[in-house]
Amino acid sequence: MNTIFYITAAVAIIASLMAITNKNAIHALLYLILTLLSISVIFYTLGAPFIAALEVIVYAGAIMVLFIFVVMMLNVGLQEEVENRWLTPRKFLIPSLLAAILLILFMIALKDFRFENHPAIDVAPKEVGISLFTTYLIAVELSAILLLAGIVGAYHLGKQKKKVTHRFLVKQARIKK
Amino acid sequence: MMTVPLEIQILLAGILFLIGLVGLLVRRNIIYMLMSIELMLNSAAMVFIMGGAHWGQADGQVMFIFILTVSAAEVSVGLALILQMYHHYRTLDADSMKKLKDNKANANL
Amino acid sequence: MTKFIWLIPVLPLLSFLIIALFNRVIPRKAVAILGVGSVALSALITIIAGIRFLSSPPEGGAFTTIIYNWINAGGFSADIAFRIDALTLVFCFVITFVGALIHLYSVEFMEEDDDFARFFAYMNLFVSSMLILVLSNNLLLLYLGWEGVGLCSYLLIGFWYKDPANDYAARKAFIVTRIGDTFMIVGLFLLFVTFGTLNIDTLLHQAPLKWSSGSPVATIAALLLLGGALGKSAQLPLQTWLPDAMAGPSPVSALIHAATMVTAGVYLIARMNVLFILAPAVQLAIAMIGAATLLIAGFSALTQHDLKRVLAYSTISQIGYMFIALGVGAWSAAIFHFMIHAFFKALLFLGAGSIILLLHEEHDMHKMGGLRKKMPVVFWTFLIGGASLSALPLITAGFYSKDQILWFSLASGIGSKWLWLAGIAGALLTSLYTFRMIFLVFFGEAKTEPKHQPGLLMTIPLIVLAALSLLGGFIELPHNLGPVQLFSKLLNPLFPALNLNENGSPEWLIQLISAVIAIGGIYLAYLIFNKKSISSDIIEKSLLSHFFYQGWGFDRLYNKIFVKPLVWLSQIDKKDFVDKIYSSVARATSYSGALLSRTQSGRLRWYVMVMVGGLILLLTIMLNL
């Protein structure tokens with residue numbers, strides 16, 4: 001099991017690095033999906049099969065499909081030259097430096113913790129379900145409302161009845177003209 | 001049987017988070033920025049799962065489900081916003097969206 | 001009857017509100033009816049109240065009616081409460097009755113003015129404030145009325161605000177009286193701190209218990225109140241505003257700057273008499289200020305060219321007489337002179353107003369003349385007013401009131417022959433300037449033709465006031481002439497008794513002297529200004545007369561002492577030093593704000609970068625690195 005963990009971890013890291021550096025949007029998305037899939041495997045090794053399934057279904061399935069739809073709609077694939085202009089190696093310098101500092105700090109912080117070294121404990125989906133619908137019932141209902149709001153918001157923002165839909169944007173468009 | 005120490009697991013989540021962060025900082029294309037945010041969210045949720053597995057509690061997975069919900073809502077609204085943005089400005093350049101800049105104060109200085 | 005007292009000030013107030021709010025809607029005629037009617041109705045109620053008061057005097061000599069609890073906080077309580085006693089009754093009667101006549105006169109006087117409604121609104125507000133002043137049972141409400149009349153005075157002096165000179169006069173009046181008002185409010189604070197109440201009755205009862213005669217606190221309190229009275233009544237050294245106040249319409253001069261408001265100081269001193277008796281030094285100061293003022297103003301009146309300015313200085317001078325009376329403790333004599341003065345001075349101002357209006361706004365007496373035949377009604381009434389002012393013996397009311405003051409100034413225990421001499425000299429001056437005015441305006445050759453005769457609305461008030469100026473004196477005769485002393489019988493219970501100086505001169509001699517002086521002054525005026533057998537150069541052209549003409553140079557003096565240094569100081573302080581400190585703080589804030597807002601580049605990735613920087617900083621601190 002440990003080997004599987006290390007392999008998938010490496011895959012996840014490499015795939016995510018590819019995802020953020022790739023200049024082709026579809027390719028980047030596919031690398032991201034690969035990352036998510038490896039994360040899902042890690043979840044499985046951690047003894048959370050239900051979550052691993054959810055990761056595949058919701059993230060890699062639903063959310064990434066949304067991304068791909070949008071990318072295809074906007075024809076971002078044709079933007080490769082623009083990306084070339086935007087994404088020069090020098091741009092990586094400062095963010096990487098910051099990330100490296102953060103990583104060092106993170107490791108220093110982690111060093112001080114002494115966790116008991118024991119195997120991961122399986123948590124069955126049944127326990128999750130019971131906890132979800134007893135202790136966290138209100139949170140579940142709130143997320144339901146959040147999703148509803150997301151649907152309404154996405155519908156409102158996504159529809160293109162007129163060329164300009166928002167008051168503020170109308171004004172801006174006028175000023176631009 | 002999985003016996004990787006928790007520190008290593010969390011380190012993995014941290015590395016993924018930082019990769020997402022670098023992506024957020026580096027990319028100008030707003031779709032990539034959204035993708036990086038997804039990655040960051042995911043790595044944060046990962047820590048919950050790891051904690052839950054370490055202590056054998058269901059709460060970690062419950063939290064993951066909530067984060068999943070939130071990110072689903074966020075992505076749908078965010079993508080709709082990107083659509084609108086592209087519709088109006090014909091660009092996906094995050095740096096060209098500078099309407100929030102404090103022009104007046106800059107003019108004073 | 002106490003139920004209806006509150007109507008007296010409320011009726012004019014109501015009328016003010018209606019006119020002020022609806023002046024665009026209601027026609028002129030309605031404005032006139034409202035304006036005059038409300039004051040006339042108040043006068044009627046006052047008269048009814050007066051009759052009730054006389055027929056069945058209330059216990060303790062006063063009706064009090066509490067309308068409502070105005071302020072009640074932290075041990076301080078003031079009511080809106082009205083109190084009617086004999087003193088109030090006299091003032092109310094004069095205010096409403098003379099006020100009603102002047103309002104009636106104004107209907108015709110202001111006929112062609114564009115701001116007819118505004119005029120009546122202000123006048124009604126004035127009458128209401130003045131009535132609140134005299135009716136209130138506590139000093140706070142009195143102060144409300146006091147400031148109210150000050151405000152109306154300001155508004156009405158500057159009524160023709162398009163001329164900057166009028167605005168200047170209005171501001172001057174307001175600021176100069178404000179000096180007095182400041183003294184007065186400080187005095188009120190002092191009284192409140194000492195007694196814990198501003199109720200007049202309580203104050204007057206407690207003052208002798210708490211303060212011994214001549215104690216420093218009592219003196220300070222009396223001085224502060226006197227300061228207020230001096231400002232309002234235009235006495236030395238705050239007299240400079242009144243001559244300039246003549247910039248307002250003539251009815252305003254008649255009502256506010258002659259008959260009622262300027263005597264508010266007299267009312268205040270008479271009302272707070274106990275306090276002043278406790279401070280003999282202040283009382284003496286009142287008499288001396290009165291004497292000095294009456295002489296200074298008398299000389300100035302003698303040299304003025306402007307008809308209304310003569311009357312203004314004359315008003316200052318006559319109030320000086322009232323102050324002498326107050327100073328020597330002849331309270332009822334002061335009030336009596338106030339009433340008679342209100343009659344004849346209102347009459348003179350209204351007469352002067354008619355002359356000026358009908359002579360095309362001509363104010364200079366030297367350009368008038370010969371109006372005796374042209375305007376007979378005005379002439380005769382003016383003559384009666386003038387005779388009353390110069391105290392023509394026996395037939396005019398002014399004689400009885402002034403003679404009483406002169407007699408008390410000598411005979412009172414506090415009086416002295418110096419006060420009397422000043423009064424006599426003032427009497428000579430009074431008859432001289434009065435008849436100078438009359439001879440210059442009505443005799444000699446005509447220089448300006450009047451437009452037309454004054455109408456009925458203007459002549460009726462003149463005639464009524466003339467009748468009062470003649471007959472008003474007969475309710476109070478000197479002791480040796482007849483047993484009629486209605487006025488002092490009414491008022492004396494209110495005031496402390498007056499100690500007479502036993503070994504003084506006989507009363508008849510004093511009366512004779514003042515009678516001779518009055519007639520002598522008139523004859524002198526006749527010789528100088530009508531027969532011209534004595535040169536009038538000393539009055540009209542000499543350097544001294546120029547000095548008098550400018551009001552003894554008080555304006556210039558005050559300008560030098562107060563105005564110039566103040567302007568100089570404020571010029572220096574234009575760029576306020578203290579402000580600099582605060583503005584530099586503000587500038588530093590806004591500068592650093594602008595600096596910080598540079599970070600608001602509007603670029604999302606920049607924000608993220610800053611967040612990461614903050615995160616690094618926080619982690620470093622939290623890990624104690």
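**A helix pair and its surroundings**

Reply: Let's start with the pair itself: helix H1 (residues 7–22) of chain C packs against helix H2 (residues 28–55) of chain C at an angle of about 175°, and their axes are 8 Å apart. Keep in mind that this is a predicted model. An angle over 145 degrees counts as roughly antiparallel, so that is the label H1(C) and H2(C) get relative to each other. On the H1(C) side, the contact is made by C:Leu7, C:Ile8, C:Leu11, C:Pro12, C:Leu14, C:Ser15, C:Ile18 and C:Ile19. H2(C) answers with C:Val31, C:Leu34, C:Gly35, C:Ser38, C:Val39, C:Leu41, C:Ser42, C:Ile45 and C:Thr46. Sorted by class, the residues in this contact are 12 nonpolar and five polar, with no charged ones.

Staying in chain C, have a look at helix H19, which runs over residues 417–442. Its 26 residues should span 38 Å at 1.5 Å a residue, and the end C-alpha atoms are 37 Å apart, so the two figures agree. H19(C) is also mostly covered, with 22 of its 26 residues buried. Just after H19(C) comes C:Gly444, whose phi is positive, at about 75°.

Now for the nonpolar cores. The largest one has 215 residues, and C:Ala325, C:Ala334, C:Phe343 and C:Ala346 are those with the most contacts inside it. Helix H15 (residues 331–358) of chain C supplies the largest share of this core, 21 residues. Take C:Ala346 as an example: leaving aside neighbours within four places in sequence, its contacts are C:Val98, C:Ile102, C:Ala254, C:Leu255, C:Ala258, C:Ala259 and C:Leu465. There is also a second, separate core of 75 residues, and B:Leu21, B:Met33, B:Ala53 and B:Val77 are among its members.

That brings us to the other two chains. Chain B has four helices and zero strands, giving the pattern α-α-α-α along the sequence. Of its 109 residues, 53% are buried. Among chain B contacts between residues at least 6 apart in sequence, 46% join residues at least 24 apart. Chain A has eight helices and zero strands, and 27% of its 177 residues are buried. For chain A, among contacts between residues at least 6 apart in sequence, 57% join residues at least 24 apart.

Chains A and B meet in a contact that takes 68 residues from chain A and 62 residues from chain B. In chain A, the elements giving two or more residues to this side include helix H1 (2–21), helix H2 (25–45) and helix H7 (137–158). The largest share on that side, 11 residues, comes from H3(A). By class, the chain A side has 52 nonpolar, 13 polar and three charged residues.

A:Ala99 has 22 other C-beta atoms within 10 Å, and the cut-off for buried is 20 or more, so A:Ala99 counts as buried. Setting aside neighbours within four places in sequence, A:Ala99 is in contact with B:Leu18, B:Leu21 and B:Val22.

Notes: Residues numbered from 1 in each chain as written. Chains lettered and ligands numbered in written order. Predicted model: local features only at pLDDT ≥ 70, side-chain atom pairs only at ≥ 80, totals over all residues. Expected span 1.5 Å × (residues − 1). Buried ≥ 20, exposed ≤ 12 C-beta atoms within 10 Å, placed from the backbone. Contact = placed C-beta atoms within 7 Å. Nonpolar A, V, L, I, M, F, W, Y, C, P; charged D, E, K, R; others polar. Core = buried A, V, L, I, M, F, W, Y, C linked by C-beta atoms within 7 Å. Axes fitted to C-alpha atoms, helices over the stretch in contact; angles between N-to-C directions. Parallel < 35°, antiparallel > 145°, perpendicular 65-115°, else oblique.
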